[in-house]
Amino acid sequence: MQKNLTSWGLTGQKSTDVRLIKWRTDKLPEIKDGRSLLPYGNGRSYGDSCLNKDGVSLDTRSLNHLISFDPKTHILRSEPGVLLADLLKNFVHKGWFLPVTPGTKYITVGGAIANDVHGKNHHRRGSFGNHVIRLALLRSNGKTVICSRTQHSDLFFATIGGLGLTGLIVWADIMLMPIDAPCLNVETMKFETLDDFFELSKQSEWEYEYTVAWLDCASKDLSGRGIFMRANHCTRLQDSNNDQISKSKKLPFNLPSFIVNNFTSKIFNAVYYNAHPPGVLEQTLCYEKFFYPLDKLKNWNRLYGKKGLFQYQCVVPVEQGKKTIETLLEEVLKSGFASPLAVLKVFGEIKSKGLMSFPRHGVTLAMDFPNSGTALLRLFDRLDSIVANAGGAVYPAKDARMSAEHFREFFPQVDKFKHYVDPAFSSTFWQRVMG
Ligand SMILES: Cc1cc2nc3c(=O)[nH]c(=O)nc-3n(C[C@H](O)[C@H](O)[C@H](O)COP(=O)(O)OP(=O)(O)OC[C@H]3O[C@@H](n4cnc5c(N)ncnc54)[C@H](O)[C@@H]3O)c2cc1C
């Protein structure tokens with residue numbers, strides 16, 4: 001089937017040869033001309049890790065059934081194309097929640113496993129893969145391998161964070177988390193410096209399930225100011241606030257590229273920071289508002305116009321955290337580019353299970369930029385060198401441009417991982433970083 005599958009950044013790359021996987025029992029298509037296969041979830045990766053421009057994409061969105069749930073063990077068996085949005089719709093009001101969720105609910109279970117996604121509670125629960133109990137992987141030799149921490153464990157750990165390269169996940173067992181209520185008690189406060197951010201993170205890590213900060217990385221004085229949020233799920237008694245879930249809206253077309261630029265980004269950052277009242281703002285928010293504010297405008301990526309956007313997300317070890325974040329922000333400021341949206345979070349010490357997982361103990365910084373061509377890509381290369389020197393890594397799920405050299409520095413375990421890559425599978429990202 002000819003179709004245009006894109007990734008979230010909309011920076012031009014597409015997959016066009018698409019095969020629909022309708023049933024768990026489907027066989028992988030036989031591709032006689034040697035082209036490769038790659039599963040496609042919901043295209044919420046920003047760059048090219050979900051694309052296979054010279055090969056065939058396996059569209060998994062029809063594998064969207066919840067198979068079984070055992071409230072005694074908390075284990076849900078799900079098909080991989082189930083959107084987190086649908087999973088939550090079914091479970092939240094019965095008192096269950098995802099143990100880890102990223103900043104959008106429009107991703108699939110398969111995509112969550114293949115990128116071992118993280119959320120605002122990394123310091124408490126690690127990444128998504130820490131809650132995957134078992135999965136069934138269809139390999140190109142026609143065999144389905146059931147893997148877990150004790151069964152075919154090497155393949156299990158390679159598949160978590162394995163970028164869709166080890167085979168097609170056809171179902172997975174995930175352990176859900178019980179909650180009392182679908183709302184959260186949220187505290188929001190301004191901070192003036194990076195030191196304050198680290199202090200707030202430290203103070204909050206034991207008492208709060210969720211912590212995250214928005215960073216004003218467009219301010220001229222580079223103070224490291226921002227807004228810190230921390231939250232816990234409400235207990236049933238507190239859940240009196242009838243904060244309704246609102247429907248998301250859609251942009252009917254791409255806005256002109258000049259709408260989000262360095263100038264408007266700086267203004268947005270200053271206004272957002274200054275609009276926040278002093279002191280601690282306490283609110284009770286429904287989970288949708290707290291976790292997924294961006295999902296309100298379903299295709300907000302089109303705000304960036306036809307050229308699309310890049311997100312740069314890195315993690316650096318805690319010991320060098322403050323110094324490295326300062327150096328990265330200085331480099332961005334020197335370049336003249338401004339990010340309209342930057343997020344900062346401390347990842348905790350819980351080790352990711354995946355061989356290639358991105359999350360690790362450290363500080364993670366994510367910055368969005370409108371696609372402004374070569375000069376921006378050169379800035380990213382310089383940022384990569386700073387991150388590599390600090391012993392950190394850049395997140396493949398957000399990447400569309402890192403060099404093969406930097407990839408090896410960020411993921412030296414790639415030589416071990418290569419042995420688990422299915423010989424029939426590849427991606428645009430993989431071809432770029434492996435040469
Ligand atoms: C607004 C927004 C906020 C985000 N916030 C976060 C965040 O807070 N934390 C975070 O970690 N990420 C975040 N992301 C990134 C996103 O969570 C990941 O890129 C996620 O993997 C996308 O999942 P998807 O279902 O769209 O899969 P795709 O992007 O289509 O694919 C992702 C990977 O999964 C593989 N895959 C998909 N299905 C299968 C399968 N059945 N078997 C094997 N492999 C499969 C693909 O081959 C690909 O390698 C965010 C993205 C957006 C757009």
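Helix H8 passes helix H9 in a right-handed crossing, where right-handed denotes that the near helix is turned clockwise from the far one by less than a right angle, and left-handed anticlockwise. Thr324, Thr327, Leu328, Glu331, Val332 and Ser335 of H8 meet Leu379, Arg382, Leu383 and Ile386 of H9 in this contact (C-beta atoms, placed from the backbone, within 7 Å). By class, the contact comprises 5 nonpolar, 3 polar and 2 charged residues; Ala, Val, Leu, Ile, Met, Phe, Trp, Tyr, Cys and Pro count as nonpolar, Asp, Glu, Lys and Arg as charged, and the others, Gly among them, as polar.

This is a predicted model, in which local features need pLDDT of at least 70 and side-chain atom pairs count only at pLDDT 80 or more, while totals for chains, interfaces and linings use all residues. Residues are numbered from 1 along each chain as its sequence is written. Helices (H or I, at least four residues) and strands (E, at least two) are DSSP runs, numbered from the N terminus.

The packing angle of H8 and H9 is about 165 degrees, and their axes are 10 Å apart (axes are lines fitted to C-alpha atoms, for helices over the stretch in contact, with angles from 0 to 180 degrees between N-to-C directions). H8 is therefore roughly antiparallel to H9, a term for angles over 145 degrees.

Both helices lie across strands. H8 (residues 321–335) lies across strand S16 (309–316) and strand S18 (362–370), at about 15 degrees to S18. H9 (residues 374–389) lies across S16, S18 and S19, at about 10 degrees to S16.

These strands belong to an open sheet of 8 strands with antiparallel pairing, ordered S15-S12-S14-S13-S17-S18-S16-S19; strands pair if DSSP finds at least two bridges between them. Its edge strands, S15 (281–286) and S19 (393–394), each pair on one side only. Within the sheet, S12 (residues 183–191) and S14 (residues 226–233) are joined by 8 antiparallel bridges, and Phe191 stands opposite Gly226 in S14.

Elsewhere, strand S2 (residues 15–20) pairs with S1 (residues 2–5) in the antiparallel sense over 2 bridges, and with S4 (residues 56–59) in the parallel sense over 4 bridges.

Methods: Contact = placed C-beta atoms within 7 Å. Parallel < 35°, antiparallel > 145°, perpendicular 65-115°, else oblique.
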